[in-house]
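Thanks, everyone, for making the time this morning. I would like to go through one model with you, and please keep the sequence and the structure in view as I talk.

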Protein chains: 2
Amino acid sequence: MESSFKNHDCGLLTKEHVGSTVILNGWVRKWRNLGGLIFLDLRDRSGTVQVVINPEVSPQAAEIADKVRSEYVLAVQGEVVARSEETINPRMQTGEIEVLAREVEVLNASKTPPFTVADDTEVEETTRLKYRYLDLRRPVMQETLLLRHRAMQMVRRFLDEHGFIEVETPMLTKSSPEGARDYLVPSRVHEGEFYALPQSPQIFKQLLMVSGMERYFQIVRCFRDEDLRADRQPEFTQIDIEASFLETDELMAMMEEMVVRLFRETIGVEVERPFRRIPYREAMERFGSDRPDLRFGMELVDLSEMVKGSSFKVFASTVADGGRVKAINVKGRADWSRKVIDSWGEVAQQLGAKGLAWLAVREEGTKGPVAKFLSESEWHDIMKATEAETGDLLLFVADRPRVVNEVLGELRIRLARELDLIPAGVYKFAWVTHFPLLSYDEEEGRYYAEHHPFTSPVDEDIPLLKSDPSQVRAKAYDMVLNGYEVGGGSRRIHRREIQEMMFEALGFTMEEAKEQFGYLLEAFEYGAPPHGGIAFGFDRLVMLLAGRSNLRDTIAFPKTASATCLMTGAPSPVSKHQLDELHITHREQEISRQ
Amino acid sequence: MESSFKNHDCGLLTKEHVGSTVILNGWVRKWRNLGGLIFLDLRDRSGTVQVVINPEVSPQAAEIADKVRSEYVLAVQGEVVARSEETINPRMQTGEIEVLAREVEVLNASKTPPFTVADDTEVEETTRLKYRYLDLRRPVMQETLLLRHRAMQMVRRFLDEHGFIEVETPMLTKSSPEGARDYLVPSRVHEGEFYALPQSPQIFKQLLMVSGMERYFQIVRCFRDEDLRADRQPEFTQIDIEASFLETDELMAMMEEMVVRLFRETIGVEVERPFRRIPYREAMERFGSDRPDLRFGMELVDLSEMVKGSSFKVFASTVADGGRVKAINVKGRADWSRKVIDSWGEVAQQLGAKGLAWLAVREEGTKGPVAKFLSESEWHDIMKATEAETGDLLLFVADRPRVVNEVLGELRIRLARELDLIPAGVYKFAWVTHFPLLSYDEEEGRYYAEHHPFTSPVDEDIPLLKSDPSQVRAKAYDMVLNGYEVGGGSRRIHRREIQEMMFEALGFTMEEAKEQFGYLLEAFEYGAPPHGGIAFGFDRLVMLLAGRSNLRDTIAFPKTASATCLMTGAPSPVSKHQLDELHITHREQEISRQ
């Protein structure tokens, strides 16, 4: 071969190429020797093509090809030929043709890989993560990374077209104890001082608004040192957006348009606009969640008023004590056995409820522990409110309002999954609005910002910041999709006095506020424009676009739940010399010195 | 006003808008009250426009406008009117029109800023960095950030069109003592272990090649904890690129095309292609630098052969001892005084030379300390080699080869700047090729990788890796522009045995190599494709595009030479609780405990 490097892609060869001489590069997916003829499936980023080596045509190629194994990297030069009718493979993109090799060169050999490089490979995730470079060769992983790439480029194009400017903000920033736990970076030059990796570029993007940039965006890495759940990573990517001089409604409409285009241009799905808007309180009441999954019904129904005089004591006393009684209607499941229903009762208890009452509306009459206590009129009211019909199963929780919503909200989701009520390929977006600005932490005995301390209160609620902070509503909005929060934003405070009131409500002394955020407070005094913005969890968006359920499958080199990289072994011990230069010691060192 | 928010941009109003009613938002750049009429210059991201408030037309607006000061944020509603012939301001983009205000609203007030927000403001850089949000309001800074944004989008578009996929690589990675000093991040979950922030995604991008991604790019933050020079930042941005199955020449051609388009589309400059290629050795010989500035001549001329028998003992003995004698021709400066020449001699000494010999070719004869020692034929040879004519000044350095090149190379640059020999608006690109693979560190008594340990040696030099490492040439190439290295790349090693030889040459034991880079060595055994790539210093590219000389002016929130952010105060002390969670203490804490 003149050059060993490809002039065509394996997966893109079609009947149109028949007769052409091509050079291909790729990995051996499969090989077999059928009576002297060698067949190789050669795979590159674009797909797979069958290569045939006939020792009578090319003895040199056959000699080499006879020794290749899975995952060898080859250069193949040959002619594209049409397959005969009976050998056409309709399941293969390139199944109408094959490449008759004239020359074969081994660009690199491969040991037997620890798992088969294929979509349907059976292998533990830990092995996949250790050999991530092999895992990423699987077509499904390549497609996900390609989708991620396309999504990024599309979002940037959209924002660029809408006048947003991409500005990079620092990664080595100032630690702020408010919010999640920071990752810290010891300073070598300034002994005893530390940088923090950003949890988000929130303050920097606001300062860019004070700088008059007007419209900013960034697709940016953020860091939170929290205990990880399945859908969290210590470092994650955010589409970060901020705008001045723009009504919140205009920004929200623009973001809808962006997401609609994202879904259209990456996966060809048409999403309906405008997105439904649901106030926080309504979302909690009807779905038991501030990120409701709207792809199915089974809404929570408040029965408190109907059962407050019930002879079923649990219901009556709960309402009397300020609690609530709510139910969901599990359509057509009145025939569930006691055992099945009890297992859901256990789930409810694990979720924090004292128990799960039920009512099965069967042809032969209503069954369940609650049934005998209900008066005829109570029974009718409940049936009407829950739209229950013969065959339905009602599940009740009576408890403090928060517990009722949380437990029934979660049961709603789990039942829908279990019963396969969630239609595939449906994307139900909504905005959840009017969040509370603050939430009270009973343990800590103080208020925390529900979104973050820079969120603007609703104007008419500002006086409540001093008198009744828990009643203050925020100018905040979350974009939710199919039960996930995909984005969250707000109008920001842009006046020093309001920001100071906010810090006060959060229990900061003025000194603490100045020490932590003095530069922001000061910036607000030099002509800060009205501004607001939003941030999208990009990893999660890609996960939903790709139809995956594991966030790690959308990230090239993710970390495990204990924040470890199984491939490189990070984090790892470092030399004493390195720590000395940073003026720090770690506990083990200290202990060994004692 | 129905809405206070803008429907037009200040700087984009033209005569075409005359008669329209507009709402503008912006900052007060200047204001003046001329006999009751108030004139405001209102500035937003797009530019500045003059607003006129006539108390007879709008008393309310006049009352408000009378109280505004510099950097107040306003909403102005009014009518665009043509200026009269005599009030047209040709120096202003919008100088043909003005806006006659009907309503004025103060969106936010401003204290008197610490410096005037204008391009020609006189202020210390430290003050600009402390109040960066005001500094960034200056049009020149906004233009630079906008240029940076456009450059980023253009590069991404180009790479996307050429089949490169943007993949995000981790920020929390494994520390590697090879290379520059790492920034470390203590792990909370794994006591005594640390992440490192990436100096570059080098290994990850190579593993993406092993993953079969074929073409990767990323515009990515990198970190080096080094003592900072004027053109270094602890965190910097890199355009990171890697490709498999691509000849080096093809990659280089593609990168040229990218850079040509970058200059065309951002600043409208046409750059010539193909770029000149200069082998490293030639660059050092002729320009005394591996990043030669080709915008002017004054090349270094080797005279060693001509003067080895000279009666000027310094020349003869230097050559005899294996040293070199080289000169530069400072055209037309034979008339420089002894004092001026001596001052350059001092510079040469500061740069490491023992002294600077000189020869002034004057009408009345050749002057200088060397003159009388030269024979007629030596004099002729030197004149011819240096292309010296009457009126020229020759400067000589005789020393070890490295010192001669370094000193004369640096003198060449400084003289050109001093003498204004560097033409403005000229962009001379070149590739420097055939770098040595390794350089010997006398102090440490070991070899270091000139680029990095993953650079492939030239094939025929591989045996020298064991016998004579300093003679091994690398398949490396730097892109240089006007005396700056803007990008550096290489073909990479993709075979385990070569990579192991490389680590050996660098003084690693096999155990050390495996501990640090075992996962890469292992990856090479599973079908690593031939690959190579390049990385561009994006901050520096933007600096050159913007025609600036200070790297900090191209970064929104840069750090000082002591790696401090003057605005936020990062780095800063953190709480003992934070350090306890990370299992570390810093030295001051320890001392205070004793």
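I will begin with conventions, then turn to the contact between the chains, and end with pairings inside single chains.

What we have is a predicted model, in which local features need pLDDT of at least 70 and side-chain atom pairs count only at pLDDT 80 or more, while totals for chains, interfaces and linings use all residues. Residues are numbered from 1 along each chain as its sequence is written, chains are lettered from A and ligands numbered from 1 in the order in which they are written, and side-chain values use heavy atoms, with hydrogens and water left out.

Let me take the interface now. Counting contact as heavy atoms within 4.5 Å, 125 residues of chain A touch 126 residues of chain B. The area buried between the two chains, meaning the accessible area (1.4 Å probe) that two parts lose on being put together, summed over both, is about 11,300 Å², and carbon and sulfur atoms give 56% of that. Of the area that chain A buries against chain B, A:Glu168, A:Phe245 and A:Tyr526 supply 7%, which is more than any other three residues.

As for charges, a salt bridge here is a side-chain nitrogen of Lys or Arg within 4 Å of a carboxyl oxygen of Asp or Glu, and there are 14 of them between chain A and chain B. One joins the side chains of A:Asp225 and B:Arg188, at 3.2 Å from N to O. With helices (H or I, at least four residues) and strands (E, at least two) taken as DSSP runs numbered from the N terminus, helix 4 of chain A, residues 139-161, gives the largest share of the side that touches chain B, namely 9 residues.

The chains also meet through strands, which pair if DSSP finds at least two bridges between them. Strand 23 of chain A and strand 23 of chain B, each covering residues 584-586, run antiparallel over 3 bridges, and A:Thr585 has B:Thr585 as its bridge partner.

Over all chains, the whole structure holds 101 salt bridges, including one between A:Arg261 and A:Glu161 at 3.3 Å, N to O. Because A:Arg261 lies in helix 6 (residues 248-267) and A:Glu161 in helix 4 of chain A, this pair ties together parts that are 100 residues apart in sequence.

Finally, in chain B, strand 5 (residues 97-108) pairs in the parallel sense with strand 3 (residues 47-53) over 2 bridges, whereas strand 4 (residues 73-82) pairs with strand 5 in the antiparallel sense over 10 bridges.
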